[in-house]
Each structure stands twice: as structure tokens, then as C-alpha cells.
There are 2 protein chains.
Amino acid sequence: MSDIRKLAAMPAADTGAPAALAVGLTAAIVAATGEEPRVLVVRTAQGSDALPSGPLEAQHRTLEAGLRNWVERRTHQALGYVEQLYTFGDRDRRETDGEGAQRALSLGYLALVREARPTGAADASWQSWYRYFPWEDWRGGRPAAIAALEPPLREWAAQGGKLGQERLRLNFGLGGARWNEERVLERYELLYEAGLVPERLRDRNEGAPLPEAARGVAMAVDHRRVLATAIGRLRGKIKYRPVVFELMPSAFTLSELQRMVEALSGVRLHKQNFRRLVEQQGLVEETGDTRSETGGRPARLMRYRREVLVERLAPGVRLPAMRRT
Amino acid sequence: MSDIRKLAAMPAADTGAPAALAVGLTAAIVAATGEEPRVLVVRTAQGSDALPSGPLEAQHRTLEAGLRNWVERRTHQALGYVEQLYTFGDRDRRETDGEGAQRALSLGYLALVREARPTGAADASWQSWYRYFPWEDWRGGRPAAIAALEPPLREWAAQGGKLGQERLRLNFGLGGARWNEERVLERYELLYEAGLVPERLRDRNEGAPLPEAARGVAMAVDHRRVLATAIGRLRGKIKYRPVVFELMPSAFTLSELQRMVEALSGVRLHKQNFRRLVEQQGLVEETGDTRSETGGRPARLMRYRREVLVERLAPGVRLPAMRRT
DNA sequence: GATAAAATGCTCAAAATGAGCATATGAGTT
DNA sequence: AACTCATATGCTCATTTTGAGCATTTTATC
């Protein structure tokens with residue numbers, strides 16, 4: 001019987017009875033206040049930070065509807081934008097290394113809310129996402145975390161030969177390579193492989209050698225991986241879909257918009273070019289008002305032109321080059 | 001208790017016992033021979049076309065490893081590239097509209113194989129993906145399927161007001177809007193909403209009004225949706241990751257490479273500009289040989305420069321503008 | 001009224017892009 | 001051997017898009 005024939009013959013070919021698994025949702029709920037992108041974080045019983053997560057409920061027509069309902073029912077936050085990130089199902093996502101560990105699937109979601117309301121609870125809070133990824137914030141120049149991580153990373157890479165070194169160089173912008181703000185997940189995975197994040201050490205019962213300021217705050221299970229995926233996805237998405245506006249108030253100045261984009265992408269942008277792009281793309285229009293509490297010449301207030309969403313299938317805020325100086 | 005507190009308090013906050021669901025894999029296994037991108041298709045017991053799919057097995061360390069193993073065990077095809085597409089879990093994916101339908105999750109995967117071996121089986125075969133999406137092939141100019149679909153689409157859009165009409169215009173490149181080859185899924189979803197694909201009619205027990213040449217061949221359950229996702233993802237990916245080479249033989253001419261890209265993206269490209277991009281990006285190098293069976297001046301044979309993968313984190317084949325004429 | 005701090009306006013060179021003309025080199029034909 | 005086809009390959013050119021930075025305007029503050 002041909003190989004392909006076997007394929008055709010397996011139960012696979014029809015839609016009958018797949019395996020039953022434990023399936024959960026994990027949501028990276030993002031807001032931004034002031035200069036910081038924030039993510040909603042809860043405390044686990046074990047005292048570690050975690051993303052809100054829970055079982056998948058069966059009563060909704062679509063997964064996204066289920067996610068929306070699930071979050072909104074509990075937070076009364078209106079989710080502006082929801083996107084499925086990835087389905088994580090690796091065996092090693094268990095907290096303990098127990099052998100008979102049942103495989104659990106986790107559907108990761110990214111959700112954007114316009115304002116980060118005070119939580120009023122000790123066990124749920126909005127945290128800057130750079131708390132978990134200190135090496136991702138280049139707005140103030142090269143982060144100290146990178147400097148701290150560089151030596152152990154290089155040591156690790158040396159064992160990986162030329163390939164490992166190139167991988168390090170390119171992902172972390174070392175040795176002249178330029179920083180690519182979207183490779184958040186790749187960097188986290190590399191750090192994990194290099195044994196430099198607490199999750200890995202935890203998973204192998206080793207001690208943590210690096211200060212938290214360098215390695216970032218750990219999260220339960222694989223939640224930091226989910227968050228890394230969310231950040232990377234969002235950083236990519238703002239360039240070709242107008243999702244930033246889901247995080248902005250209804251009226252804003254161009255500088256505020258720029259600071260939001262900078263906060264999300266973690267890099268500084270060339271101001272005049274940023275404005276040129278945003279304006280010439282017709283993403284925004286003047287409200288007619290100005291805001292004078294800016295410490296300088298008053299800024300025009302803008303609003304998002306909702307029409308563009310359908311008008312041009314939603315182009316995003318293209319980023320001008322990162323400011324070099 | 002604050003809303004957020006509730007969120008924190010729910011079982012969700014830890015990783016305990018999520019709901020058990022039926023979970024399956026569905027794979028779009030793509031190869032390309034000659035001028036056609038092909039997908040491996042099996043026949044269901046009911047006689048309809050389907051993608052290979054089966055239950056998720058628990059013994060692998062990662063989902064991707066499981067998928068690779070699963071496919072390779074059955075087809076003995078080496079999967080060059082594997083990518084998780086999306087997790088489909090909508091209620092309406094059931095074939096019959098039965099009420100108590102249990103929710104089934106389906107993890108969609110895209111896999112690329114270098115050659116489409118003859119199947120030798122009547123119930124498994126490599127089919128051009130344009131069989132299922134005749135409106136996606138613009139290589140020979142505007143497809144006849146678009147012309148056939150346009151009147152009923154316009155009729156449908158008229159009921160949706162200005163928004164619906166814009167959506168139609170932009171997704172299908174009507175009225176001067178330019179064709180965007182990546183929006184495969186959006187177009188399929190729109191056709192589904194408009195009731196123009198058999199799946200929708202089947203789901204609502206209605207008859208099919210359009211000829212197959214226009215509406216495309218239907219697939220079981222939501223497999224055409226999975227395939228649409230795969231095509232769209234691949235069409236986007238080849239622009240920024242060198243995945244095309246996973247489908248090419250080890251040595252090829254630039255024209256062959258171009259024809260492959262055109263087959264996948266479904267549009268014709270400007271030849272000289274295509275070469276300029278590929279060459280100046282250093283994606284390929286000459287093998288030194290030439291091939292003279294081209295019917296004209298012999299072409300240099302090229303090979304993919306494997307180094308670029310790590311060297312530059314794998315840029316893709318940027319597409320020059322679609323050929324206008 | 002000077003000064004500082006932004007916001008806004010404008011210029012310019014370099015790079016990337018979209019099109020198309022011109023030439024080269026084989027196979028098959030006359 | 002000259003000629004014709006059919007591609008492959010080389011090169012040019014106008015236009016757009018970027019990346020950078022200088023200059024001017026408009027408030028609040030000293």
C-alpha cells in the first residue's frame with residue numbers, strides 16, 4: 001500500500017473523534033498609560049506573576065467571541081481588538097517536570113483595551129511589560145539589561161559555533177547588527193535556551209544567577225512566552241494595521257500618538273518623518289481644537305479617521321526609521 | 001469586589017484543569033510542480049475533498065514535532081517547513097447543523113514539501129489549490145471566476161450599504177482597487193457570508209446556484225477555510241522569509257524561481273525587477289552550470305545560499321510590482 | 001522682551017521601485 | 001552560414017519613498 005494511501009486510509013481523512021485534551025485560554029490584555037505599555041497580570045497561589053487564563057467555555061459561536069465574553073464579563077473592560085496569537089502545546093509547559101503530565105493546550109490571545117483602570121485589588125494589576133522584558137526597551141538608549149546579558153550570552157553562543165554566534169548577533173543587535181524590535185519571541189527563546197531566564201532554571205531546578213533587572217521578572221508556566229508572542233505580534237501589526245488607535249483616546253496629539261508607538265515598539269522615532277507618514281496616509285484628521293499643556297507651542301488635536309478602516313483596508317502606522325542619534 | 005478582583009479570583013488565575021475538548025490537526029501540505037501549487041487532498045467517506053486531518057497525539061514534545069512525525073510517518077515526505085496557522089474552533093465547523101454538536105478544535109498547519117510524489121491512490125492526490133480558489137489565479141489575467149462572481153457579490157454588497165460595498169471593492173479589486181494577493185481568507189469569508197460558496201449553502205441546506213468553475217470545489221467541514229489561511233499566509237511569508245526555496249529543487253534558474261513565486265502568489269511579476277531583487281539580496285548564487293533546454297539563451301543555474309538564513313535572519317523574496325500589462 | 005520647549009514646515013540626498021529598451025546566446029530553420 | 005525565435009541577461013531612467021536635519025512658529029515662563 002502506498003504511503004499516501006495509508007494517509008488517506010487513516011481515520012484522519014474524516015473528521016471523526018479526535019483526542020480529548022485539556023484546553024485553556026491565556027490572554028495578554030494590553031493597555032497603555034502615559035509612556036508605558038501595560039499588561040494585566042494576576043498573582044498565582046504560588047506567588048508568581050501570571051497572565052489571566054482559564055478554561056475554554058463551549059457556549060460561544062466562535063473562539064474570539066468566547067474570549068471577549070470571558071474577559072468582559074470579569075473586567076467590564078471593552079476589548080477593542082482581539083487577535084489569536086498561537087496555540088501553545090509543548091509538553092514542557094508544565095510547571096513541574098512530572099512524567100505523566102497530561103498535555104494541555106493553551107490558546108494565546110492578544111487583546112487591547114483603551115484604558116488601564118486601576119484594579120483596586122492586590123492580586124491583579126497593570127504592569128509595564130518591560131518588567132518582564134527589560135531588554136526590549138531601547139527608548140532610553142541601549143538597555144542596561146542587554147549589557148548585563150551580553151557576556152553570558154556570548155559564552156553560551158561560543159558553544160554553538162558560528163551559527164549560534166550569528167543567531168545571537170542578529171537577534172540582539174550585537175556587533176553592528178541592527179536591532180529588530182519585532183523579534184521579541186526569538187530573543188526570549190534564545191535566552192531560555194541559554195539558561196538565562198528563571199523559567200528555564202525553574203524547569204530544570206537550577207538556581208538563578210542573574211539579577212532580576214537583567215533577566216526580567218519570571219511568569220508562571222509559559223506565560224512569558226505568550227507575552228513575548230503578544231508583544232512581537234503587536235509591534236509588527238502596528239506597521240500595517242491601524243491597531244494603535246485602539247489604545248489611544250478619542251482625541252490626541254501627534255506627539256502623543258508617536259509616544260504610544262514608541263512605547264509599544266520600544267524604540268525612538270524621527271519626529272518629523274513620523275508625522276509625515278501618519279498625515280500623508282490620511283489616518284487622522286484635525287478635530288479643530290488644540291492642546292496647550294504641552295510646554296511649548298500648542299498641538300493640534302487629532303482624531304482617527306474611522307473611514308480609513310474600510311476605505312483602505314486599514315493600513316497601519318508605518319514606522320519611519322528608528323532615530324539614530 | 002472589583003471586577004478585576006473577580007478576574008484574579010477565578011480558577012483561571014492558576015493553570016488548573018481546563019475543559020477537555022476534542023482536538024485535531026488539519027494540515028495543508030503544499031508542493032509545487034511545474035506551474036501549479038498543489039495541496040495534498042484526500043477523499044472523505046462522503047466523497048468530498050478534504051485536507052489530511054487526524055487526532056492530536058500526545059507523545060511529542062512539541063506540537064510541531066507531532067505534526068512532522070504524523071505527516072512523515074504516513075507520507076514519507078520530508079517536511080521542509082512547518083508553520084502553525086490558526087486554531088479553528090467555531091461552533092459552525094460541524095458538518096451537520098446538529099444542536100448538541102460538541103465543540104471541536106482544529107489546529108491548522110501549513111507544511112511545505114519539495115516534490116509532489118505521485119500518490120498512486122485514488123483517494124489521495126495532489127490538487128492545484130486553484131481548484132478550490134479559482135478566483136485567486138490572476139496569472140492569465142483577470143480570472144473568469146471573478147467575472148462570474150461579481151454580479152451576485154455586488155447584489156449582496158448592495159444590502160450591506162456603503163461599508164459592504166467598500167469591503168467588496170477592496171478585497172476583490174473591483175472598481176479600480178488593486179488586487180491584494182494576500183487576502184485569500186478575507187475573500188473566502190466574504191464569499192461565505194454572501195452565500196456564494198457551497199459550504200455555506202450546505203451548512204444551511206440550500207442549493208448551489210453558481211457553476212463550480214466560479215465558486216470553486218468545496219471541501220469538508222471548514223477545510224477550505226484552513227486552506228485559504230494557508231495560501232494567504234504563504235503568499236505573505238515568501239515576501240519576508242526565504243520559504244520559497246523549500247519548494248525548489250537544489251538547482252534552478254531564476255525564471256523557474258520566478259514562475260514558482262508567481263504560481264504561489266497568483267500574479268505575474270516584472271521579470272527584470274524580480275531578478276534584480278533576488279540577486280541584489282544575495283539570496284542565491286550561481287552553481288556555474290547552465291541549463292539550455294529553455295528554448296532560448298541558456299540560463300544560469302542557481303542555488304540557494306543557505307548561509308543567508310542565519311546571515312540575515314532570512315529575508316524573503318521581495319516581490320516587485322505586479323506586471324501591469 | 002528674552003528664553004525654553006514643543007509643534008510644525010520644508011529641503012535634500014540617497015535608496016528603492018516600476019517600466020521598458022537593448023543586447024546576448026542558444027536551438028531550430030532555410 | 002544566415003536567419004528567426006525565444007528566452008536570458010544587462011542597463012537606463014523617471015518617480016517614489018526614505019532618512020536626516022535645518023528653520024520657523026507659537027505658547028508658557030522667567
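**Close-up views of the predicted model**

View 1. Ala22(A) is buried, with a relative accessible area of 7%. Buried means under 20% relative accessible area, exposed means over 50%, and partly exposed covers the range in between (1.4 Å probe, protein chains only). Ala22(A) sits in strand 1 (residues 19–33) of chain A. Helices (H or I, at least four residues) and strands (E, at least two) are DSSP runs, numbered from the N terminus. Pro55(A) is 33 residues away from Ala22(A) in sequence, yet their C-alpha atoms lie 8.2 Å apart.

*Conventions for every view.* Residues are numbered from 1 along each chain as its sequence is written, while chains are lettered from A and ligands numbered from 1 in the order in which they are written. This is a predicted model, in which local features need pLDDT of at least 70, side-chain atom pairs count only at pLDDT 80 or more, and totals for chains, interfaces and linings use all residues; side-chain values use heavy atoms, with hydrogens and water left out.

**View 2. Ser106(A) in strand 6.** Ser106(A) belongs to strand 6 (residues 104–113) of chain A. It is buried, at 2% relative accessible area. The C-alpha atoms of Ser106(A) and Gly24(A) are 4.8 Å apart, although 82 residues separate the two in sequence. The side chain of Ser106(A) also makes a polar contact with the side chain of Thr26(A), at 2.9 Å. A polar contact is a pair of N or O atoms within 3.5 Å; within protein, one must be able to donate a hydrogen and the other to accept it, and residues adjacent in sequence count only if both atoms are side-chain atoms.

**View 3. Asp49(A) and its surroundings.** Which residue meets the side chain of Asp49(A) in a salt bridge? The partner is Arg131(A), at 3.0 Å from N to O. Asp49(A) lies in strand 3 (residues 49–50) and Arg131(A) in the loop between strand 7 (124–128) and helix 3 (144–159) of chain A, so the pair ties together parts that are 82 residues apart in sequence. A salt bridge here is a side-chain nitrogen of Lys or Arg within 4 Å of a carboxyl oxygen of Asp or Glu. Asp49(A) counts as buried, at 6% relative accessibility. Arg131(A) is partly exposed, at 32%. The side chain of Asp49(A) also makes a polar contact with the side chain of Tyr132(A), at 2.6 Å. Beyond four places in sequence, Asp49(A) touches several residues, among them Val41(A), Val42(A), Arg43(A), Val217(A) and Met219(A). Contact means heavy atoms within 4.5 Å.

View 4. In helix 5 (residues 184–193), the buried residues are Val184(A), Arg187(A), Tyr188(A), Leu190(A), Leu191(A) and Tyr192(A). Just after the helix, Gly195(A) takes a positive phi of about 70 degrees. The side chains of Arg183(A) and Glu186(A) form a salt bridge at 3.5 Å, N to O. Is Arg183(A) buried or exposed? It counts as buried, at 6% relative accessibility. Glu186(A) is partly exposed, at 30%.

**View 5. A salt bridge in chain B.** The side chains of Glu181(B) and Lys239(B) meet at 2.5 Å, N to O, in a salt bridge. The pair links distant parts of the chain, 58 residues apart: Glu181(B) in the loop between helix 4 (161–172) and helix 5 (184–193), and Lys239(B) in the loop between helix 8 (223–237) and helix 9 (254–265). Glu181(B) is buried, at 8% relative accessibility. Lys239(B) is partly exposed, at 23%.

**View 6. A charged network in chain A.** Glu36(A), Asp137(A) and Arg139(A) are linked in a network of salt bridges. Side chains of opposite charge can pair when their charged atoms come close. Over all chains, the structure holds 55 salt bridges.

**View 7. Val221 in both chains.** Phi of Val221(A) is near 40 degrees, a positive value in a residue other than glycine. Val221(A) lies in the loop between helix 7 (212–215) and helix 8 (223–237) of chain A. It is buried, at 8% relative accessibility. In chain B, Val221(B) has a positive phi near 40 degrees. Val221(B) lies in the loop between helix 7 (212–215) and helix 8 of chain B. Its relative accessibility is 8%, which counts as buried.

View 8. Chain A averages a pLDDT of 81, and 79% of its residues score at least 70. pLDDT is the predictor's confidence in each residue, from 0 to 100. It stays under 50 over residues 93–101, for which the model has 16 contacts beyond four places in sequence. It also stays under 50 over residues 310–316, with 34 such contacts. Where pLDDT is low, the predicted coordinates should not be read in detail.
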